[in-house]
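Hi everyone, thanks for making time this morning. Let me put the structure up, and then I'll walk you through its charged pairs and its overall build.

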Amino acid sequence: MSSTPTTPRFHALVPCAGTGSRAGTPIPKQYQMVAGQVMVMHTLQALARVPQLASGWVILSPSDDFKWPQVGWPAHFRREACGGATRAESVFNGLSAMLTAGVAAQDWVLVHDAARCLVTPEAVSKLIEACQDDPVGGLLALPLPDTLKSHTLDGQLARVASTVPREDKWLAQTPQMFRLGALHAALADAAATGFAGITDESSAMERLGLSPRLVPGSARNLKVTYPADFAFAEAVLKGRT
């Protein structure tokens with residue numbers, strides 16, 4: 001799995017150990033059926049069609065008992081039951097597994113949410129092309145399109161406190177692409193605080209004073225989170241076939 005110093009490769013890492021409680025589903029949301037198969041399979045199949053990716057790593061909870069389908073499983077992807085209690089911990093454990101397996105520290109890893117099942121191979125390739133020569137790495141993101149409000153609470157009611165300038169605001173998406181060794185080190189540094197404040201991979205790099213590159217993504221690359229998102233994802237996926 002190791003690479004020569006002059007030829008870094010690209011790998012996908014998909015944390016898949018969460019329970020998806022906000023989705024309101026009886027099973028973890030990544031295993032909910034969407035457009036004919038479980039949601040995470042749409043995600044993995046999209047990543048598998050990215051020609052630059054040498055491998056994919058799906059990070060599961062050690063207690064995960066999901067019966068994975070053989071049909072449609074990408075041959076160059078593997079599953080590792082080393083997920084943690086949080087997304088950050090799952091990513092950190094997954095990176096550790098990659099290093100232990102011999103993936104080179106200078107290789108690039110693209111961390112992608114299992115629930116972003118509408119990502120396209122073209123968007124991932126665009127991120128790779130934009131960031132492969134960047135000294136830090138970067139992420140897909142979307143310039144904030146709507147007016148942004150902060151709130152104050154009036155009892156149990158939320159009321160507007162102020163309008164927040166949106167000119168420099170972006171919505172972070174995934175994949176987020178960084179050198180394997182650098183991201184592992186950044187998360188290792190944050191592990192001592194229980195990954196406090198680490199909401200994505202970029203935030204771990206930012207914590208060290210680095211500024212990842214923002215690469216414009218698509219509004220359709222949403223993270224399926226709430227019940228209504230499933231219907232939207234189903235419609236988009238069926239529209240692609």
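**Salt bridges and overall build**

Let's begin at Asp-113, which counts as buried at 6% relative accessibility; buried means under 20% relative accessible area, exposed over 50%, and partly exposed in between, with a 1.4 Å probe and protein chains only. Before I go on, a word on the source: this is a predicted model, where local features need pLDDT of at least 70, side-chain atom pairs count only at pLDDT 80 or more, and totals for chains, interfaces and linings use all residues. Residues are numbered from 1 along each chain as its sequence is written, and side-chain values use heavy atoms, with hydrogens and water left out.

So what does Asp-113 pair with in a salt bridge? Its partner is Arg-116, at 2.9 Å from N to O; a salt bridge here is a side-chain nitrogen of Lys or Arg within 4 Å of a carboxyl oxygen of Asp or Glu. Arg-116 is buried too, with a relative accessible area of 9%.

Next, please look at Glu-201 and Arg-87, whose closest N and O atoms are 2.4 Å apart in another salt bridge. Glu-201 sits in helix α5 (residues 201-206) and Arg-87 in helix α2 (residues 87-100), so this pair ties together parts that are 114 residues apart in sequence. Helices are DSSP runs of H or I with at least four residues, strands are runs of E with at least two, and both are numbered from the N terminus. Glu-201 is buried at 2% relative accessibility, whereas Arg-87 is partly exposed at 24%.

Then there is Asp-154, which forms a salt bridge with Arg-159 at 2.9 Å between the closest N and O atoms. Both are partly exposed, Asp-154 with a relative accessible area of 41% and Arg-159 at 45%. How many salt bridges does a search of the whole structure find? The search finds eight.

Now let's step back to the whole chain. Its secondary structure comes to six helices and eleven strands. Along the principal axes, the C-alpha trace spans about 55 × 45 × 35 Å. Of the 241 residues, 45% count as buried. Finally, among contacts (heavy atoms within 4.5 Å) with a separation of 6 or more, 71% come from residues 24 or more positions apart.
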